[in-house]
Structures are given as structure tokens and as C-alpha cells.
Amino acid sequence: MTIPFFGKSIFVPSDIIAAWILSIVLGAILFIYVMNKRKWPLIWEYMRTTNHRKIGTMYILFGVIFFLRAGTDALLIRLQLAQPHAAFWVFQQEKYNELFTTHGTMMIFFVAMPLLIGLMNVAVPLQIGARDLAFPFLNAVSFWLFLAGAILFNMSFFFNSAPNAGWTGYAPLSTDTFTPSVGNDYFVFSLQVSGLGTIFTAINMIVTIVRHRAPGMRLTRMPLFSWATLITSFLILIAFSVLSMGLYLLMFDRMFGTGFFSGDTGNPVYWQHLFWIFGHPEVYILALPAFGIFSDIISTFSKKRIFGYPAMVLSIILIGFLGFMVWAHHMFTVGLGPMANTFFAITTMLIAVPTGIKVFNWLFTMRGGVVKITTPMLFALGFIPTFVMGGVTGVMLSVAAANFQYHDTHFVVAHFHYTIIGSTILGIFAGIYFWYPKVTGKVLDEKLGKWHFWLFIIGFHLTFLPMHVTGLQGMPRRVYTYQWGDDLFALNLTSTIGAFLMGSSMLFVGWNLYKTHKHGKKVGNDPWDGRTLEWTVQSPSQENTFEPMPIVKEMDPFWYAKVSGEKLRTTNNTRPAPISVNTILPFCIAFSLSIMSLGMIYTWYLLAVLGGASAFLLFIVRSLTDERKAYDLKEGHSNE
Amino acid sequence: MKNILIRIRLLVFACLLTGCDISVLDPQSKTADNQAFLISFSFALMMIVLIIVFLLMTRFVWKYRETEHNKNTIPKDIKGNKKLELTWTILPILLLTVLAVPTIAVTYNQSATTPKATTQDDAIHIDVTAQQFFWTFTYGNGKESTNELVIPENKSIVFHLKSTDVIHSFWIPSLGGKTDVLPEKELVYKIDNPKKGTYDGKCAEFCGVNHTKMRFTARVVSEETYQKWLTK
Ligand code: HEM
Ligand SMILES: [Cu+2]
Ligand SMILES: [Cu+2]
């Protein structure tokens, strides 16, 4: 469609017009709803909050919204691939490239990451007996940076310049020579902004877990989700720093004529190294927290402590460590030579060992227990076979010479969806069902939850199992169509049907939320007969949790207290807790940085300088505020 | 051994979907044959793991599920079990060692290298130039062809891969795995003993707008036909 614009007429594809209309309509409905229900104070409160549960809730809320967006991309991909020579709507060629790039990038950075970080925010402080994260202000900054990055990324689509070089952004395709439009600048800056937030979260989680555990909560007694969070945070710290550097260099190549990744001075393979030194640990950043969630859930609903706790902790650490030594298994075909290929094949196989240990420990946790199949447990039970299937194709992929065949085909697409959806997404669903009462005070409806599970898991396998075969039949990834002669029709159609089954399962989530909030009853502190400290505090958790502070004598302290019919001992003598404040500064900082990014993307340098200066000014303001003073005066505390 | 593997290959995939031909598992050259062997071998080993996990899980969930009977019992706590845990640490290591041996052997043989390292005399050398979005093949006598590769059967063919713009990837599923085609750096990939036939070739590395259409045909012909074609 062509639209007149300041005297010129510009071409706008119809999908973008549809998206504008849809967003405006939804925005208007939301606005009217907020007006009618007088929700402005609530929104204002959340915009200024530094409380971990509220920030966690916002992470989850926006993660789910972006999940719907990226999921729509997935359905559009599947519609375009449903039959040979298809020409569905506008999604061929460049549009298709934008489609899988936004799908992949959003799913990883703006869906999986925030949902996991949201669950960490909600659960970790409660699990270890902390009153909040160590740096509540920083936590709010992290959140708003994530949201700023995500919105920036989404804007590119609305202005018809979505990034189009794949979520891996391989140079030299991603340099300005081959993709001159601003799309990939959006990619660089939105990941840069949200990545900064992620790094801050990692620091925050590490300090919280190291400094703010309840008395007696030794590391050797810590729940496995908290352990996974700790190790994941170290991985984030390293991996996201590397990504940040890579993006920084790419920005110079794109905007200021350097040649790090192309030309005589540079080498496109450097980008691949940087990207995968980030990228492989990233997949464990996504998987480890899910492992943690499942460990806690399986133990809770088997009424047994986790089997082989020390081995479970050790294998998390080992996986995290090995995760940094395998990145080149994504690069078997770039000619690193026989030596490198063999080395990375072997290290990759090694990771299967600690992963296998975890799987068997989960299974043996159930043995001899009483296995109660609630919705969270159902997701855990779906996770084990699904993830193991992704794991075994992982081992197959590590066989370097065979990888020459699998690489960049739909076999790989199948593999990584089995691992990412199998662990991360199922883990997130399980975690949301599990901790929902800690967020809202209500338990989600079990029956609808089970509908959600079955539709999702059946749809999932229907979608991705056939892709193993289409890959081996020679279907490369990132192609928008295939031919009749390729013999790929039946399997691709099956995939598409499966994808819609998965999509339809999300309707049950919506229905469930509605039903639970309309008719659900408030539950007490401990709806699942839990084992760890989060089930001792109110549902939803309040801002002054753990007063008085419990004293921990063993692993799963709450469970053993219940079994022996005693109350947890408590104390009032605790470390000073982080102080919660209400402040709009984090929001403003993130806003300034997105203005700066926009200025950079469109090379309106004046705007960039304004945004940057404003962010810098806000840093100074922040450095000069000390909320402890006001707090001490008010409460009559004297600090340390 | 080989026989069993071929049978597994055929059985599992064929009965999964009768009628489809899976080019990677129907290799038409020595190179692709080795790769298909690795695929089937690793698949067989991994099926063992998969089946054990499935069986254990089904059994445990069924046997220990909550019933009216055990609803209120509190199961005995088990902290772990050294012997069991050692078992599922050591057995996988053994399994992976078994897999690692052929992996290393074939990988050492087949990994793409830089031009210096290839010293086989009787091999046929072909220059492959990838460019957005087509392939040019240059033969020993200077003949060029576009999007059509012609090679003689039962020879060693050495491809010298080079790109003029972005990264592409050279792939003929029936004849062997892929090798990236880089700008600024020549890579060399060898395919041994192709069989007569016509096969699809594809670009396997996303390279821009028409990546999808960057396909070519590979014709493997007899020696005489090849010589005739060269001088035509
Ligand atoms: C909801 C169901 C989903 C469906 C039907 C789906 C489908 C697909 C398909 C067909 C592709 C391949 C596109 C191509 O190569 O042409 C793809 C790519 C991808 N998907 Fe998904 N996907 C789903 C969910 C997810 C989730 C939950 C994640 C991660 C959290 C994810 C991450 C990715 C990534 C990273 C890529 C690679 C993009 C690229 O090649 O740059 N997907 N997806
Ligand atoms: Cu990896
Ligand atoms: Cu290509």
C-alpha cells in the first residue's frame, strides 16, 4: 500500500498497516479499561517500584506479551512453509527474512530471558530468606532497560525496517555493505540496551545470594533453583559482556567505517567466534534456571528430597563451566581445521555427562515417592522426555563430520526447539503455575492448566518431530519455500498443523487467567505442601517478608519442620535488609538511553547527545541520593 | 555391524514415513556414506539412552503415582546412592567414547582445509565461486558453468570454494556435507567417489534476499561424458 507522507508517497506493506491498526485498537481498549477502572495509581506505583515481586511480575507480564508477538511470527513462518511454492500474504524473500529474525531474536532476548529473570525475581529472595534483592534500585533499572530494549526492537517493525540478518547477525551480511537499512542498527542497539539490564541483574543476583541468605541457609542447603540462578548469573556476566563487545564492534563496522568483520583487515569469522562465545553459554543461561525450577517441582510433588543433591549442584557448575568450551560446535563448517573440529566435538559430547546425571537424579527422585500430578508437575513430566530427545540430537550434532550434513538445516531447527522449548519454555510454564500464588494469592485452575499442557505438548511434537526428517531430506533453514520435487509437503503441513495446536493452547492460558481471577479463591501460604522458605510467607508475598527471620538448620527446612510438627525457629537479629524506595529514576534512565539509541540508529546525533547527557545527569542524581538517610530517620534505625 | 545399521536406518526412517526419500541417508558418494554411517551409528547409540529414560520414567510415574492408598503417607527420604550415581556417570562416558572413536576418525579425514593441505594428484580440481545468488563453477581447462556442476563418477573431486560477497555454504546432500564459502579466504572440500546421477545442490548459509533460490544441479557422469562436456 502506498501512503502519502509529507508530499512524498511511501510504500508500506499491508502486514505493517494491519499491525498499526491492531495496536491502535488494542491500545485504545486498554486505555479505556484503565480509565474506567481507575488503574492509574496502580500503574504509577508499578512504574516506581523497586520491590522484587512487583518487578518480577512486570518481567513476566511483558515476557508473555512478547511471547504472543514472537509466537505470531512463528505461526506466520509456518503458514508460509505449509506447502510448496506458497505465497502467503507478504511473507516471502525479505519479509520472510525479517520474520525469522524477529521471531528468533524476540524469543531468546525478550521472551525466554525476561520470563526466567521474572521468576528469579519472584522466587529467589523468598527461597533464600532475603527481604529483597541486594540492590533494589538497580533491579528496577534492569527491568526498565529490558523493556526499553524490547520496545526499541519492536519499533523497527512498525517503521518497516525490521532487522533481517537472522538472530545470529552473521557478518558480512550484517554489515552496512549488505544490509544498509537501519534494521540491523535496531538489532544492535536494542540488544545492547537490554543486555546491559541483564548484566545488572546478574550482578544483583550474585550479591543477593552471597550476602542475603537467612541465618543457617548455607550454600549446601540452598534450593536448586537458587543454585541454578547463582551459576546462571556468572554465565550471564561473562557471556553478555562478550555479546556487548561484539555488538559494539559491529556498530563501528556499520556506522563508522571500520572493518573488524570484513575487508582486508578484519574477518567475518571473528564475529562468529564472539557471537558463539556468547551464544553457547546463552543456551545454558536459558536451560539451567529451568533445571532448577524442575528440581524444586519434582521434589515437591514427589514428597521427597531431591536425589543426589551434591551431584545436582556439581553438575550445574560443570555444565556452566563446560558451556564456555564448546562454542565452535556452531562453526564446524567454517574451516577451523580438523584439530579444532575434533576438540570441540569431544568437549560437546562431555556436556552430555553432567546433563545425564541430572536426568537420572530427577527420575530417581520420583522413585519411592508419592507422585502427585499437578499442573506444574505435569510440565515437569513433559520436560524430561522432550528435553532428553533434544539432548540426544545434541550429541548427534556434536559428531563433527555428521554435523556437516545437519548444519543449518531444519534438523537443527528441530534440535534447538526441543531443547529450548523442552527446558526453558516448559520450565517457565511450570514455574508460573507453581509460584502464581506467591504473586497473586490464587492458584491457577488445574483443569484448564492440564488442557494447556496437553495441547501444547502434543502440538509441540507434531511441529518439531517432522523437522528432523525434513532437515535430513535437505531442507535448509531460513528458506521461505521449497519445491514440489523436494518431497517435503506432507511433513511441513504436519508441522504447521502442530504449530496451530500449540498456538491454541495459549487460549486456555487466557481463559485460565480470566477464570482464576473471576472465581478463584484466595489460598494460604502453602497451597502445594511446599518444602522451601517461600511457602512460609504470605501469598502474595508482602514487602516486609521474613519478619521475624527463620533460622535454617537443614535442606528443605519448611518441609522437615512440618513433618516433625514443629515451627521454624526464628530470630530478630538479622543483617540489614535492602531498603525499598519508590522512584521514577530507573524509568527515566532507561527512557534516556532509548532516546540516545534512537538518535544513534537514525544518526540524529543531537538527539543521541541529548539522550546520553540526560542519562548521565540521572546517574549523578542517583549517586547523590542515599535512601538510607530518610529510612534511618523514619524508622529510628541506626545502620551498622 | 554395518548391515544392522543400514537396516536401522531404513527401518526407523522408512516406517516413520513411507515414500519420502531422505537424501542424506541415501548417500551417493564415499564421503556422504561415511557421514550417513556416523548419523545412523550415533542415532542407534542415542536410542539406547532414550529408551532407558522413557522406560524408567513410565515405570516410576506409574508405580509411584498418588492414589487413595498412599495419599497421606510420607515417603522415606533417600539422599542418594553412590553406586547408582557412579553407574550413570560412567556408562555414558563409555558410550560417548564408543561414539568418539569413529567421530574423530572421519572428522580428521573430512574437515575442510586450506588449499596447501591437499596433495592428492589424481584428484579433479574445481573452483567454486559463490555470489549473491548464484554459483559459478570453473574447471581445469578454464570452462565455466553457472548453477550446473558436472563431475565424473568415481573420482576424488576437490572443490576450491570462494565467495565474492557474503558467506554462503556449498551443499549437495546426496554427495556430502556442507562447507562454508567465505569471502577473502579459500576453503577446500573433497568429495570422494560420487555415483552417477543428478542431485540437488543448495546454499545452506543464509546469505540475503534470495538465499532460498540459490540452488544448483550437480550431475555426476561417466568419465567420457565428462571429457566430452569439458571440451564442448
Ligand atoms: C511457538 C512455537 C514455535 C514455532 C512454531 C517455531 C517455529 C520456528 C521455525 C519454523 C523456525 C525456522 C525458520 C527458518 O529457519 O526458516 C524457527 C526459528 C527459530 N526459533 Fe522458533 N518456533 C517456536 C517457538 C520458539 C521459541 C519458544 C524459541 C525460543 C525461546 C524459538 C527460537 C527460535 C530461534 C532462535 C530461531 C532461529 C531464528 C533464526 O534462524 O535466526 N522459537 N522457529
Ligand atoms: Cu552451542
Ligand atoms: Cu545462501
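Q: Which residue does Arg215(B) form a salt bridge with?
A: Arg215(B) pairs with Asp486(A). The closest N and O atoms are 2.9 Å apart. Keep in mind that this is a predicted model.

Q: How many salt bridges are there between chain A and chain B?
A: The count between the two chains is one.

Q: Which helices of chain A supply at least two residues each to the side that touches chain B?
A: Among them are helix H4 (93-128), helix H8 (268-302), helix H9 (309-322) and helix H10 (338-366). The list also includes helix H14 (446-472) and helix H16 (557-563).

Q: Which one gives the most?
A: H10(A), with 16 residues.

Q: What classes of residue make up the side of chain A that touches chain B?
A: That side has 53 nonpolar, 24 polar and 13 charged residues.

Q: How many residues does each chain bring to the contact?
A: Chain A brings 90 residues and chain B brings 87 residues.

Q: What area is buried between chain A and chain B?
A: About 7500 Å². Carbon and sulfur atoms give 69% of that area.

Q: Which residues in chain A lose the most area to chain B?
A: Phe404(A), Gln405(A) and Leu472(A). Together they account for 9% of what the chain A side buries.

Q: Switching to metals. What coordinates the copper ion (ligand 3)?
A: Four residues of chain B do. They are Cys203(B) through SG, Glu205(B) through O, Cys207(B) through SG and His211(B) through ND1. The distances are 2.1 to 2.6 Å.

Q: Why is the arrangement around that copper ion (ligand 3) called tetrahedral?
A: Because the four donor atoms around the copper ion (ligand 3) subtend angles of 87 to 126 degrees.

Q: What spacing do the donors of ligand 3 follow along the chain?
A: The spacing is C-x1-E-x1-C-x3-H.

Q: What about the copper ion (ligand 2), what coordinates that?
A: His280(A) through ND1, plus His329(A) and His330(A), each through NE2. Here the distances are 1.5 to 2.0 Å. In sequence, these donor residues are spaced H-x48-H-H.

Q: Where do His280(A) and His330(A) lie?
A: His280(A) lies in helix H8 of chain A, and His330(A) lies in the loop between H9 and H10 of chain A. So the pair ties together parts that are 50 residues apart in sequence.

Q: Which residues coordinate the iron atom of ligand 1?
A: His103(A) and His417(A), both through NE2, at 2.0 to 2.1 Å. The site of this iron atom is octahedral, with angles of 86 to 180 degrees among its six donor atoms.

Q: Where in chain A are those two histidines, His103(A) and His417(A)?
A: His103(A) is in helix H4 and His417(A) is in helix H13 (residues 410-440). They are 314 residues apart in sequence, so the pair ties those parts together.

Q: Back to salt bridges. How many are found over all chains?
A: The search of the whole structure finds 18. One of the salt bridges joins Glu543(A) and Lys54(A), at 2.9 Å from N to O. That pair links distant parts of the chain, 489 residues apart. Glu543(A) is in the loop between helix H15 (489-519) and strand S3 (549-550), and Lys54(A) is in helix H3 (residues 52-80).

Q: Where are the cis peptide bonds?
A: One joins Ser539(A) and Pro540(A), with omega about -10 degrees. Pro540(A) sits in the loop between H15 and S3 of chain A. Another joins Gln132(B) and Phe133(B), with omega about 0 degrees.

Q: What is phi of Lys303(A)?
A: Near 55 degrees, a positive value in a residue other than glycine. Lys303(A) lies in the loop between H8 and H9 of chain A. Most residues other than glycine have a negative phi.

Notes
Residues numbered from 1 in each chain as written. Chains lettered and ligands numbered in written order. Predicted model: local features only at pLDDT ≥ 70, side-chain atom pairs only at ≥ 80, totals over all residues. Heavy atoms only, no water. Contact = heavy atoms within 4.5 Å. Buried area = accessible area lost by both parts, 1.4 Å probe. Salt bridge = Lys/Arg side-chain N within 4 Å of Asp/Glu carboxyl O. Helix = DSSP H or I, 4+ residues; strand = E, 2+ residues; numbered from the N terminus. Nonpolar A, V, L, I, M, F, W, Y, C, P; charged D, E, K, R; others polar. Donors = N, O, S within 2.8 Å, 3.2 Å for Na, K, Ca; no water. Tetrahedral: all angles 85-135°; square planar, octahedral: opposite > 155°, others 65-115°.
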